[in-house]
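Let's take a walk through this protein model, from its overall build to its charged pairs. Keep the 3D view open as you read.

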Amino acid sequence: MNLVLSPLGITLAVAFTVGLAGTLGWMLRVPPPAPRGATSSVRSVESIRKVPVRAVELAARLNQGHKAEMVIVYVHEIPLQAPLAMPEKDPRIQRALDAAAFIATQHAITPRTKVNVARQAGHRIVEIAREENADLIVMGISHQNRPNESPLGRVAEHVVRNAPCEVVVDRVPRQKVSLIPSEFS
C-alpha cells in the first residue's frame with residue numbers, strides 16, 4: 001500500500017480537526033453566571049397595587065396583607081359569526097363572579113369586577129391591563145388543550161406575550177377541592 005501525503009489533504013485534515021475541536025469546545029463550555037439583574041425579581045409583591053385576575057385564589061394569597069386593588073375580569077368570547085353584544089344575564093357568568101368575589105372576601109379583599117365581551121379573550125385581557133395600569137396579571141390555566149395549541153393555551157399564550165406587566169400563570173389542579181360554599185356552586 002502506497003501512502004501519499006499531499007499538502008492539500010493535510011490542510012483539509014487540519015482544518016476539519018480544528019473546526020471539530022472548536023465546535024465541541026463551544027458546545028461543552030460552561031456559560032458565565034447570569035448578571036444579578038437577570039436573576040433578581042423585578043418587583044416585590046409589596047409593590048403590586050392593581051391586579052386584574054382570573055385565578056382569584058392565587059391572587060388573593062399573593063395580595064394578602066398588601067392592600068392592592070383586585071380587579072376580577074370575566075371576558076366572554078363571542079364567535080365571529082355572532083354580533084358583539086353582551087349576553088342576556090348569563091347565570092354562569094354571575095356564578096363565576098360570585099365565587100371569585102367570595103374567595104377574595106375570604107382573604108379580606110374587596111374586589112372590583114369587570115365583565116367584557118370580545119372576539120378573543122387574550123386581547124381584551126391585555127387591553128384591560130393597560131386601561132387599569134395593572135402591575136400584575138394572575139391567570140389560571142386548565143389541563144384542557146386543543147390540538148395545535150401551546151401548553152399554556154391560546155388565551156394565556158397571548159397574555160404572556162403581550163401584557164404590559166408581569167404575568168403569573170397558575171395551572172389549576174385536575175382534582176380541585178371546592179372552597180366555595182354550596183350556595184355559590
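Of the chain's 185 residues, 30% count as buried (buried is under 20% relative accessible area, exposed is over 50%, and partly exposed is in between, using a 1.4 Å probe and protein chains only). What you're looking at is a predicted model, where local features need pLDDT of at least 70 and side-chain atom pairs count only at pLDDT 80 or more, while totals for chains, interfaces and linings use all residues. Residues are numbered from 1 along each chain as its sequence is written, and side-chain values use heavy atoms, with hydrogens and water left out.

## The build

The chain has six helices and five strands (DSSP runs numbered from the N terminus: H or I of at least four residues for helices, E of at least two for strands). Starting at the N terminus, the order is α-α-β-α-β-α-β-α-β-α-β.

## Inside the fold

Have a look at helix α6, residues 154-162, where V155, A156, H158 and V159 are buried. Viewed down the axis of α6, these buried residues fall within an arc of 160° (taken from the directions from the helix axis to the C-beta atoms), so they line one face of the helix. They pack against β2 (69-77), α5 (121-132), β4 (136-141) and β5 (166-171).

The largest nonpolar core holds 18 residues, and V155 and V159 are among those with the most contacts inside it (a core is a set of buried Ala, Val, Leu, Ile, Met, Phe, Trp, Tyr and Cys residues joined through side-chain atoms within 4.5 Å). Helix α5 gives the most to this core, with five residues. Another core lies apart from it, with 15 residues including L58 and M70.

## Charged partners

How many salt bridges does a search of the whole structure find? There are eight (each is a side-chain nitrogen of Lys or Arg within 4 Å of a carboxyl oxygen of Asp or Glu). One of them joins E132 and R112, at 2.6 Å from N to O. Since E132 sits in helix α5 and R112 in strand β3 (residues 112-118), the pair ties together parts that are 20 residues apart in sequence. E132 is buried at 8% relative accessibility, whereas R112 is partly exposed at 32%.

E132 also forms a salt bridge with K114, with the closest N and O atoms 3.1 Å apart. These residues belong to a network of salt bridges that links E69, R112, K114, R124, E127, E131 and E132.

How values were computed
Contact means heavy atoms within 4.5 Å.
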